[in-house]
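Here are a few exercises to work through with the model open in your viewer. Try each task before you read its solution.

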Amino acid sequence: MLRGRTCRIIAPLIVSIGIFMFGSALAQESGEAIFNRICKACHTVGQGKLVGPDLAGVSQRRSVEWIIPFVQSSQTVIKSGDPDAAAMFEQFNKLIMPDNPLSRSEVMTVIRYIEAAAGDPAAVSEVLPTPLETATEADLARGAALFQGTERLQGGGPSCSSCHHANAKDIQGGGALAVDLTAVVSRMPAPGVQAILANPPFPVMEQAYADRPLTEDEVFALTAFLEKLNADQVVEAESHHGQLVLAGGFAGSILLLALFAMIWMRRKQAMVYRDIHRRQLSSR
Amino acid sequence: MLNNFLFVALPYAALSVFLVGTIFKYRSLKFQYSSLSSQFLEGNRLFWGVIPFHWGILVVFLGHLTAFLVPRGILAWNSRPLRLLILEMTGLAFALCVLVGLVLLLYRRLTNERLKVVTNRMDQVIEWLLLVQVVLGCWIAVGYRWGSSWFASDLSPYLWSIFRLDPQTTAVSAMPLVVKLHIIAAFLIVLVFPFTRLVHFLVAPFHYTWRPYQRVIWHWDRRTVRRPESSWNQHPPRNN
């Protein structure tokens, strides 16, 4: 009996592990494709600092043996006590570069692509302009509406406030899953914010906008809105919506319990014996 | 590797065991389970456990199911801040009802002498699992808002990817620990499901909703029962 039960549990386990192992075979992408998919949101090649450093000439500055583990898991390298990695982490506002599930050969393909692109003068341009310089009042208002979600994103993705809060008068209780974006532009240049919005490098955000990316004008309006918050020197302030939900939840549950009590007011409250027994005692 | 085990292997193992286990149980051992109802004996004590727990978990479960089936609908509803707030508060209110009911039921299960006799190990396992799951859920609702929106945009695609046999785990792997634990506990519940009394969920007595009231009448001699001088020695049939 025991053997039969163990077998019933183990057999599906083996089947599922098999499915999982065969399913994860991946085709090799080109260096450019990987760069655009993963690196581009935070790094440029020859256009200056974005969220992270400019990668032009990276293979001359660092050895390949240093780059590969750093790309795969930057935090592991930083925590191992590497002084260069730690200094760079400090320099770039302690923004964590997410781990990338890339093989050695895939990182090498990307490095070769960066070397080729850095040598191409057409790819190198001057300083990138920021949206706030050209944004109108209407753009800023639209940015706030898109952030809150009162204007839906055209692709149908979730609004920023699903996960992020920003301390602005138009934003009522943004989410608490991800970082507060009030002062994001002080942590990274506006083109960095734009790049992240256009091509999110953080896994949770990437998934949320996987097949419903933001349009160019939405990225523009949102970045301008966040830049404006930074320009006005608005400081982060915790939203009270967590407590509000908790209070509402408590009030609601008490209301529900009261409702249950009312609906089932005439329920049988005790065992059938009791009434009969009492009647017996009272008539004695 | 750990993430792959927890978010790929565990879900498939859980779903396979769930499917095979429930079909096997239903075909061969369907009369093995009983709720061993004691409602006639302790209607008042049971009431505050059973009613809030069942109505709460029904609504909370349907909420998760809706976000899984129609994520776009949830996002559209949440596009107004007030509607989002109402949805989240309602969800938490029902979740707290589940918590109140479950704590009372668990307390009763652990202290009631009569119940101890009929409690098996899996009853305990499933109740503790559910308690952990509900506490984690309430924690997420308050600490990691707005769960309804990011469930629709991140966890719904993950769950669909499992059913499409193309599991995408990068997003769930990057979720906060509490959310990960909530997902893992959910699959553990699915895993042990066929071996617990929770199987009654699959044969929910929906016909009860429109079934007419039943009158329960003891088959005993009323005259003897009501005679004041006689001591109490009559018993109803012991069949429930």
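**Exercise 1. Work out what the interface of chain A and chain B is made of, starting with its polar contacts.**

Solution. Step one: across the interface of this predicted model, the rule picks out six residue pairs in polar contact, both partners at pLDDT 80 or more. Step two: find who supplies chain A's side. The elements giving two or more residues to it are helices H1 (2-23), H11 (203-208), H13 (241-263) and H14 (272-282) of chain A. H13(A) gives the most, with 14 residues. Step three: sort that side by class, and you get 26 nonpolar, 24 polar and seven charged residues. Step four: look for salt bridges between chain A and chain B; the count is zero. Chain A puts 57 residues into the contact and chain B 60 residues, and the buried area is about 5400 Å², with 70% of it from carbon and sulfur atoms.

**Exercise 2. How do the axes of H8 and H12 of chain A cross?**

Solution. Start with the axes: helix H8 (residues 137-148) and helix H12 (residues 216-231) of chain A come within 7 Å of each other and cross at roughly 100°. Angles from 65 to 115 degrees count as roughly perpendicular, so that is the label for H8(A) and H12(A). Next, the residues that touch. H8(A) brings A:Leu140, A:Ala144 and A:Phe147, among others, while H12(A) brings a set including A:Phe220, A:Leu222 and A:Phe225. By class, the contact has 10 nonpolar, one polar and five charged residues.

**Exercise 3. Track down a salt bridge in chain A and say where its partners sit.**

Solution. The rule counts 12 salt bridges over all chains. One to look up is A:Arg62 with A:Asp84, at 3.1 Å from N to O, which passes since the cut-off is 4 Å. Now place the partners: A:Arg62 is in the loop between helix H3 (58-61) and helix H4 (64-72) of chain A, and A:Asp84 is in helix H6 (residues 83-91) of chain A. They're 22 residues apart, so the pair links distant parts of the chain.

**Exercise 4. Check the backbone at B:Trp146 and A:Gln233.**

Solution. Take omega first: it's about -5° between B:Arg145 and B:Trp146, a cis peptide bond. B:Trp146 lies in the loop between helix H6 (121-143) and helix H7 (147-163) of chain B. Then phi: A:Gln233 has a value near 55°, positive in a residue other than glycine. A:Gln233 is also in a loop, the one between H12 and H13 of chain A.

Definitions and conventions
Residues are numbered from 1 along each chain as its sequence is written. Chains are lettered from A and ligands numbered from 1 in the order in which they are written. This is a predicted model: local features need pLDDT of at least 70, side-chain atom pairs count only at pLDDT 80 or more; totals for chains, interfaces and linings use all residues. Side-chain values use heavy atoms; hydrogens and water are left out. Contact means heavy atoms within 4.5 Å. Buried area is the accessible area (1.4 Å probe) that two parts lose on being put together, summed over both. A salt bridge is a side-chain nitrogen of Lys or Arg within 4 Å of a carboxyl oxygen of Asp or Glu. A polar contact is a pair of N or O atoms within 3.5 Å; within protein, one must be able to donate a hydrogen and the other to accept it, and residues adjacent in sequence count only if both atoms are side-chain atoms. Helices (H or I, at least four residues) and strands (E, at least two) are DSSP runs, numbered from the N terminus. Ala, Val, Leu, Ile, Met, Phe, Trp, Tyr, Cys and Pro count as nonpolar, Asp, Glu, Lys and Arg as charged, and the others, Gly among them, as polar. Axes are lines fitted to C-alpha atoms, for helices over the stretch in contact, and angles run from 0 to 180 degrees between N-to-C directions. Angles under 35 degrees count as roughly parallel, over 145 as roughly antiparallel, 65 to 115 as roughly perpendicular and the rest as oblique.
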